[in-house]
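Me: I would like to learn how to read helix packing in a model. Please take me through one case.

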Amino acid sequence: MKIHRIRMTHNLLLNYGLYQKMRIYTHQKATAEEMTQFHSDEYIRFLQCILPDNMKKYNKEMQKFNLGDDCPVFDGLYEFSQLSAGGSVAAAIQLNRHSTDICINWAGGLHHAKKSEASGFCYVNDIVLAILELLKYHQRVLYIDIDVHHGDGVEEAFYITDRVMTVSFHKYGNYFPGTGELTDIGAGKGKYYAVNIPLGDGMDDDSYESIFVPIITKVMETFQPSAIVLQCGADSLTGDRLGCFNLTIKGHGKCVEFVKRYGVPILMVGGGGYTTQNVSRCWTYETAVALGVEISNELPYNDYFEYFLPDSKLHISPSKMKNTNSTKYLEKIKNRIFENLRMLPHAPGVQVQAIPEDGIHSESEDEDIVNPDERNPQSITDKQITPDNEFSDSEDEGMAPRVGDGGRKDNRYSHCFIFPIIIFHVGI
Ligand SMILES: [Zn+2]
């Protein structure tokens with residue numbers, strides 16, 4: 001979970017030249033006030049003051065907030081959390097304003113953090129905070145999680161609401177965090193709005209697609225979200241140090257490609273991923289997928305070139321590990337999920353509500369377009385924004401309905417294609 005992963009990703013996608021098709025921002029750090037939209041005051045106050053030097057003094061609190069072991073205290077922990085959360089919240093604000101259709105915060109995706117508890121390397125849940133921001137303008141937000149671990153923190157936060165549907169594909173059974181059973185479906189008003197797809201070791205690209213595509217298709221049809229948050233945890237890739245799936249980067253990226261086709265605004269965030277060179281490969285490729293750009297399998301020269309040796313290729317091959325998920329098993333869980341989704345009212349009614357104010361970030365982000373890489377100053381900033389005609393904002397030229405958009409007639413988001421993407425670079 002080291003910040004190094006994000007730095008490597010950023011450097012790789014710059015060297016592929018992807019910066020030419022997007023805007024790159026730094027953003028303000030999330031404030032304590034913003035973070036307590038979800039987290040408890042007490043917990044955030046503690047994160048503010050805890051340091052490796054003083055943690056011995058706070059044994060009791062360390063236990064209470066689950067710091068230590070899996071969630072170590074390190075220098076800059078609070079600042080890192082502020083940057084990670086600030087990026088996702090600022091991204092949500094950009095989507096709310098229709099100033100783009102896809103935002104990416106690879107430093108976000110910390111899906112395990114709970115209201116008053118750190119968990120699985122996650123301290124502040126940037127995803128929950130971003131979804132809360134999206135809910136100011138969107139009646140229904142869909143959360144999709146393809147990390148190898150269950151997206152428990154996000155699921156728990158929205159377990160009893162029908163305005164957020166959480167869909168998590170994950171390894172289940174004797175595996176962290178231990179939740180995410182097929183029978184966990186939400187409660188109260190949120191019953192049937194939590195979807196869990198528990199999987200066994202060795203999921204390969206074909207198996208994953210065979211379950212991801214039909215389930216997401218059905219979810220989009222029944223829930224009809226107007227915004228999507230896609231957690232792209234890369235620990236579901238083959239060869240991950242902690243994972244146990246066998247996905248290639250292409251297979252992982254297919255999920256992004258599929259979700260993107262609906263033309264609904266998407267916030268893409270990172271998440272787990274413990275074989276760093278593959279994490280940066282994966283997120284670079286998925287940035288390209290989001291941009292609709294093909295990139296070469298030959299990695300360009302970059303600051304971390306030695307990490308990608310000996311082959312220096314973008315794509316990776318699956319291992320020979322056994323896929324323990326039989327077609328019959330996958331069919332069974334798919335059908336069970338379909339049954340649950342049939343219980344939902346078709347596209348829940350939209351209630352008109354007063355819109356609360358935007359988060360604190362909303363004032364100054366336009367000033368924050370930055371040099372995307374301090375190591376390569378002017379050459380890159382000069383060419384940073386290159387809008388193509390295909391991203392015209394003219395209503396007349398509007399986007400043709402996309403494949404798989406469920407026949408949506410409204411073209412509300414067509415004017416958001418001026419720049420297809422904003423990547424929130426946390427300036428590290
Ligand atoms: Zn994970």
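Reply: Start with a pair of helices, here DSSP runs of H or I with at least four residues, numbered from the N terminus. The crossing of α5 and α6 is right-handed, meaning that the near helix is turned clockwise from the far one by less than a right angle. This is a predicted model, in which local features need pLDDT of at least 70, side-chain atom pairs count only at pLDDT 80 or more, and totals for chains, interfaces and linings use all residues. Residues are numbered from 1 along each chain as its sequence is written.

Me: At what angle do the axes of α5 and α6 cross, and within what distance do they come?

Reply: Two packed helices are described by the angle between their axes and the distance between the axes. Axes are lines fitted to C-alpha atoms over the stretch in contact, with angles from 0 to 180 degrees between N-to-C directions. Those of α5 (residues 77–96) and α6 (residues 126–134) cross at roughly 20° and come within 8 Å. That makes the two helices roughly parallel, a term for angles under 35 degrees.

Me: Which residues of α5 and α6 meet?

Reply: Contact requires C-beta atoms, placed from the backbone, within 7 Å. From α5, the residues include S84, G87 and L95; α6 supplies D126, I127 and L134, among others.

Me: Is Y78 buried or exposed?

Reply: A residue is buried if 20 or more other C-beta atoms lie within 10 Å of its own, and exposed if 12 or fewer. Y78 belongs to α5 and is buried, with 21 such atoms.

Methods
Parallel < 35°, antiparallel > 145°, perpendicular 65-115°, else oblique. Contact = placed C-beta atoms within 7 Å.
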